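This report covers charged pairs and a surface patch. Please view the sequence and structure below before reading on.

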Amino acid sequence: MRNRSLLVLTAIAATGTLTLTACGSRASNSGSGGSGSGSTTVTIGVDAPLTGSLSALGIGIQNSVDLAVKTANKTNEVPGVTFKMEALDDKAAPQQGSLNATQLVGDSSVIGVVGPLNSGVALTMQKTFNNANLVEVSPANTNPALTQGPNWQTGTKARPFASYFRTATTDAIQGPFAAQFAYSTLGKKKVFLVDNKDAYGVGLVGTFKDEFTKLGGTVAGQDHVTSGASDFSSTVNAIKSSGADFVYFGGEYPDAAPLTKQLKAAGDNISVIGGDGNYDPTYVKLAGTAANGDYATSVGAPVESLPSAQTFVTNYKAGGYSQAYGAYGGYSYDSAWAIIEAVKAVVSANSGKLPSNPRQAVEKAMSNVNFSGVTGTVSFDQYGDATNKQLTVYGVKNGVWTTIKTGTFSG
Amino acid sequence: MHELPQNLVNGLLLGATYGLIAVGYTIVYGIVQLINFAHGEIFMTGAFGALSVYLGLGSGTSMWIAIPLMLIGAIVTSTVIAVLTERLAYRPLRNAPRLAPLITAIGVSITLQQLVWGFYPSAKSPRVFPSLPGGPFHIGGVLIQSADIFVVVAAVISTLFLAYFVRSTRTGRAMQATAQDPDTAKLMGINTDRVIVIAFALGAGFAGIAGVAWGLRYGEIKFDMGFLTGLYAFTAAVLGGIGNIYGAMLGGLVLGLVQNLTAIYIADIPGMSQFSSQSWSSVWAFVILILVLMVRPQGLLGERVADRA
Amino acid sequence: MTDTLQIRPEAAAAPKPAIPLPTAAARAVTAAGAVLTAAAAFLSWTYSSQFPGDLTVTGYPGGLQWITFTGGLLTLLYLLVGYGTPGLRGLAPGGAEGTTVILAVGAAATTWFTLIAISVELGGLANLTTGGWIAGIASLLAVVGALGLPRDGQHPRGHGLGVLLYPGKRPDLRPARPLHAAVEVVAVLLTLAAALGVFAYGVDTSYPELFAGFLILAGFAAWALNRSGDFGRLGEIMQRHRVLASVGAFVAAGLFPFTQTSSNAEANANLGVSILIFAATALGLNIVVGLAGLLDLGYVAFLGVGAYTAALVSGAAGTAFNVQIPFWAAALLGAAVSGIFGVLLGAPTLRVRGDYLAIVTLGFGEIFRIVVQNLDGTSGPNVTNGAIGISNVPDLNIFGFDFGSAHDFGPFSIGRFANYFELMLLFTAIIVLVFARSADSRIGRAWVAIREDETAATAMGINGFRFKLLAFALGATLAGLAGTVFVHVNYSIVPDTFQFAGPTPPNSAFLLAAVVIGGMGTVSGPLVGASLFFLLQAKLSFLHDYQLLLFGITLILFMRFRPEGIIPNRRRQLEFHESQTEGGQEGPTPELRTAEA
């Protein structure tokens, strides 16, 4: 019996002492704003799909923001402030976006967020960020309703959230731009409209249709396809019998490529024109020779024509990222840089120090941001939309996308 | 004005592909009363099997040599996978309540899809599938691609072969016996386990052929192409009368026609113009399924095993 | 069923321990190992504070070290129980030695998980300090000692799972004499508090490594407590104080937001409300799948019907009907509309054959999304605003209580998501009540009868079709009810949410998994399954690319090896028990299929 109680006693004593020593508190060295020493660390959050089928785009966003943060730290862009990036994966799902938004809001060092990729995700995040006055800059959302309110089409524009900005160009610009190109440059007057029923495609076709009919063109027919479908034979037949000059497609290349392929195979050799969702090398790969003669609009000037863009490409390569910056890399870099510029303005207005409530100040400063970024001049209008309205038309020639025309949308 | 003959042909071609897949549902259901949800994925793996063979052949190979090899590749891939899933997932549950194998089938379906998505090279986006040379042919104002001819030939030969097999071979008669009464069939000396495996393998073989047909017609295959297509194929099997092989083919053809024609001609019904587009066609297919269940639950040709369950 | 309590013939006498040690030496080694493991948590394990949780500090544990610490203490506790320490003896009615083995392995597993994670993330074993090595070796020492302990419990032969059976099975326990009522009440309250604490800790884990470590230990601890018989005893006590336990459970859940004081409070409350919505929906599905035995593969569409209905009458700008009705009416309307859809879908299908329901619901799930996408004004009448969805759904305001803003309750500040958490908890309580009341009623017994043998049930005068339709419609109604809150929490609704198998809950496949993994036919099963499932996918985001694959495999394995789920239905468990004595292992009666044939 004696050794038994001894065992018990030692055990209790050991654990007791150990527990007592545990009553210390761990020093928190995770960077939160307002520490007394020289440099304050602030975080730029990223919300994008980092896994799943859209991960290539999401990781491009993450890396580009990372590059912006590193560049700002290297050049000591904002004296006394060190930037940090924190990326969260939203899996392209609105629910996860909502969770990420609360998490970013909860982290007091987060001073601005770049993202998300999907409009549906943005809908669940906007209000949470807005309640916390946390700036959110999307590099990719194109739905005009996000900045101009649900009734933007009827002309009653109202900005729903003061904290939401975007560097991406909206459907309200890209669709009409394509309409002007088709009507004036190509001289085509009869369109067949197809969309794939996702938010991007529907928005694009809607704005295209309005502008095209305003210019005097006619809509020979319209069809809607289910995203992910393979058999477009009924659509192809409808296009053929409508006698349209060209097809305007709203959606992404996985749906557009089989459509154009089946259309050309059916003997109807008319151009398919789409938005930046089609402007992807995979489009040409999937559609093969059928892609020749198709067009796509994309936002901004071609990378090779802007020196700032070339710097970005060089730096990105030098950064050693294993994945490409993708379609939204430039916009993500500009989004992050816009936040950095806003922080800079706030700090210099507050005699070189970050104010105690920096989020609100940064939100205010965002509207005055103006700098020359990867995609051109970056600044925001009264709705939070990018003022840069430069677009480029690309066409498939001999199996590669080539620049056709760069222009600025006006009106 | 909408080129009715062309639409009819397109619908029938789509339907023939559904029919090829539906045969697999119908045989398996007829024998073990299991809705094999993974069958759509078997179809998909068949297509990827064919693509792997094609990629392995090198670029100079003539399609006339490649096609038979791809067919073999597709059939072998889908059959092996189907037999493995039967062995590993379904057989241990043969005496479990019905819910268990159904849930397992869902699990198998998702697993197969994710395996292809995650581990087949660049299968995260659609993969280009080779196309047949020659064509298109104009026959009486209707445009026919060479892949379409492949579909017709494949569907006709497969159905005839299956009919012969089930009616005239020993194994085929054993299958019929097992479908009617597994216990008695066992007493009569039929190895029902073997019959069930053969049923799975047969269905998978047809799914493999359908996979090749699909790839040839649309020029691309993707990891999730089996999900909705499988759903339509099952609808086709129910339409035709589950357990009935000819019914599956007929159901497929009807469903293909419904999908193709509703996408265009619903617009001619007054007040329905908005409901006619490709994006509504799957809804109409579903409505047809519900209507058939209400009006003629045994299907168009009637079930072969109507008195069961 | 007390007559089945005798030990089954194939359960031979307990075999010898794996490591031949004198019992006293084994105890000493285990004790030393366990104490050292716990003590090593106070040392520094690595040089670099790069690893999350900062394990470089000597003097007190941090992050994953707390998990190791807990594991060591638990091992020690049950070792002492097995040693017959006064006052602790009642803690392991089913045998403490097997429990100790499980806990020692669990502690070692979390410790080594941490060490491996450090090595992998920081690049090489060189990143481990002496403290880390001490912890690793000490935890293995405890395992070695535990493997030398005499073995107890039952060791039935003829199972293929080998090493998992080493700790033995818990012997069938006779129900214990009730303790003093006050003691039992305290036990119930302590259990609830502990459950709340464990759950809150799991939710608050801020990085995947910590959550994984937590999960490993929690899993082993749950296994150990089941093995020791503590769960069984607690279950008996809970059963005796059923009202207290269930009310207490809801109170404990309601206190969850108050346990969250860090800056992550809102994020955790958001996670909590998402889990609740998911769990409540899974519970509704359990009526259909678990009680009535009908497979519904498009269940999330009913959540969507409720959500869209509520959104349309919420007064959100830009919707088709510009109306705003009070939330209680919207909730009822959402539930009703969803129920109507259930009847419309179930009536033609259930009349034919149960199997068809699976495929029809699968189709409905897909069709729902497509239809909602199309009802946007160009390819259909404008009802749902198509793919763009309904945005800016206003926050609720019930009796002047604004759900959109934070409220102060004494020292606690309860934010927006916490408000919704409490609301959803109320809804969950309603759904639990509906589930429990209907399961225990004539209706519930009819469902179970139909599930087990429809032919026999019909022969007993049960109208199979009517009861199946009732189950299906009731399930749809409850999902619709959950959907009405869902839309307000998320401010918006888009069609893409409603998929068969998507990346995040709720989607039909995950709902089904929550039911199957949790336990078909029980109240707590889907709740536990849903929480576990949700936390797993939310916390282990690095697994996301393989999440669906793992999920598919999990479904297959569960159906094969544990079809009754983590928390089995008592009635089903008894059925398994009966079939076991007949020689069949798992899976209910084989006569079922012949009856249907």
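A:Glu211 is buried, its relative accessible area being 9%. The model is predicted. The side chain of A:Glu211 meets that of A:Lys214 in a salt bridge, with an N to O distance of 3.6 Å. A:Lys214, by contrast, is exposed, at 66% relative accessibility. Both residues belong to helix α7 (residues 199–215) of chain A, where they sit 3 residues apart, about one turn of the helix.

Over all chains, the whole structure holds 21 salt bridges. In chain B, one of them joins B:Glu220 to B:Lys222, with 3.9 Å between the closest N and O atoms. B:Glu220 is buried at 4% relative accessibility, and B:Lys222 is also buried, at 8%. A network of salt bridges links B:Glu86, B:Arg91, B:Arg94 and B:Asp193.

In chain C, C:Arg240 and C:Glu184 form a salt bridge whose closest N and O atoms are 2.7 Å apart. C:Arg240 lies in helix α7 (residues 230–240) of chain C and C:Glu184 in helix α5 (residues 181–204), so the pair ties together parts 56 residues apart in sequence. C:Arg240 is partly exposed, with a relative accessible area of 38%, whereas C:Glu184 is buried at 2%.

## A nonpolar surface patch

On the surface, B:Ile65, B:Leu69, B:Ile72, B:Val76, B:Val80, B:Leu84 and B:Leu88 make up a nonpolar patch with about 640 Å² of accessible area together. B:Leu88 is part of helix α3 (residues 63–90) of chain B. With a relative accessible area of 62%, B:Leu88 is exposed.

Definitions and conventions:
Residues are numbered from 1 along each chain as its sequence is written. Chains are lettered from A and ligands numbered from 1 in the order in which they are written. This is a predicted model: local features need pLDDT of at least 70, side-chain atom pairs count only at pLDDT 80 or more; totals for chains, interfaces and linings use all residues. Side-chain values use heavy atoms; hydrogens and water are left out. Patches are made of residues with over 30% relative accessible area and no salt bridge: like charges are joined within 9 Å, nonpolar side chains (Val, Leu, Ile, Met, Phe, Trp, Tyr) within 5 Å. Accessible areas come from the Shrake-Rupley method with a 1.4 Å probe; for residues, only the protein chains shown count as cover. A salt bridge is a side-chain nitrogen of Lys or Arg within 4 Å of a carboxyl oxygen of Asp or Glu. Helices (H or I, at least four residues) and strands (E, at least two) are DSSP runs, numbered from the N terminus. Buried means under 20% relative accessible area, exposed over 50%, partly exposed in between (1.4 Å probe, protein chains only).
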